[in-house]
Amino acid sequence: MKYKFNYKTTAFDIWQLSMYSMYSSIVGVCNIIFTAMMVSLTVKFWGHVNNLLRILLIIGICLFTVIQPLVVYFRAKRQIARISDVMEIGFDDDGIHIKTEKQSSDLAWNTVIGISKKPGMILIFSTNKHGFILNNRVLGKQKEDFYSYVISKIQK
């Protein structure tokens with residue numbers, strides 16, 4: 001095996017991936033604009049409104065800064081319950097080899113449709129909606145070498 005990792009995907013990993021996806025899209029831009037406008041409305045009208053409107057202004061600010069990330073995290077926790085506990089994933093010239101407690105499978109490099117490098121993780125996609133999350137904790141100092149290796153295998 002060229003690279004071999006034992007890891008368990010956590011709810012935080014899925015949350016982090018969801019937040020990256022959300023805030024790198026038009027939805028994230030709208031969230032940021034809405035939050036900025038709510039902050040400016042709150043600053044401008046705070047002294048002139050009653051307590052009910054103050055509560056609504058605070059909820060408006062918290063909607064995309066606190067509430068939405070919490071909802072995404074709890075959804076990630078539910079999703080993680082369906083994923084196997086510990087996974088061993090290996091990478092060599094033949095492809096990707098996945099082994100869990102109950103099953104094992106192999107993916108040839110030509111079935112891998114893409115790779116994405118995020119600040120805290122590398123994502124390897126086997127389909128448009130499925131793949132593997134390898135975070136910096138798992139990859140350690142091998143992150144850049146591993147990324148270059150996978151890129152070279154996918155481009156062949």
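In what follows, Ala, Val, Leu, Ile, Met, Phe, Trp, Tyr, Cys and Pro count as nonpolar, Asp, Glu, Lys and Arg as charged, and the others, Gly among them, as polar. The model is predicted, with local features needing pLDDT of at least 70 and side-chain atom pairs counting only at pLDDT 80 or more, while totals for chains, interfaces and linings use all residues. Residues are numbered from 1 along each chain as its sequence is written, and side-chain values use heavy atoms, with hydrogens and water left out.

Helix H1 (residues 11–23) packs against helix H3 (residues 51–80) at an angle of about 130°, the axes lying 8 Å apart; helices (H or I, at least four residues) and strands (E, at least two) are DSSP runs, numbered from the N terminus. Axes are lines fitted to C-alpha atoms, for helices over the stretch in contact, and angles run from 0 to 180 degrees between N-to-C directions. In contact (heavy atoms within 4.5 Å), residues of H1 including Trp-15 and Met-19 meet residues of H3, among them Val-72 and Tyr-73. By class, this contact of H1 with H3 has 13 nonpolar, 3 polar and 2 charged residues.

H1 also takes part in the lining of the largest pocket, where its 4 residues are the largest share. H1 is joined by strands S4 (104–108), S6 (121–125) and S7 (131–135), each supplying at least two lining residues. The lining of the largest pocket has 11 nonpolar, 14 polar and 3 charged residues.
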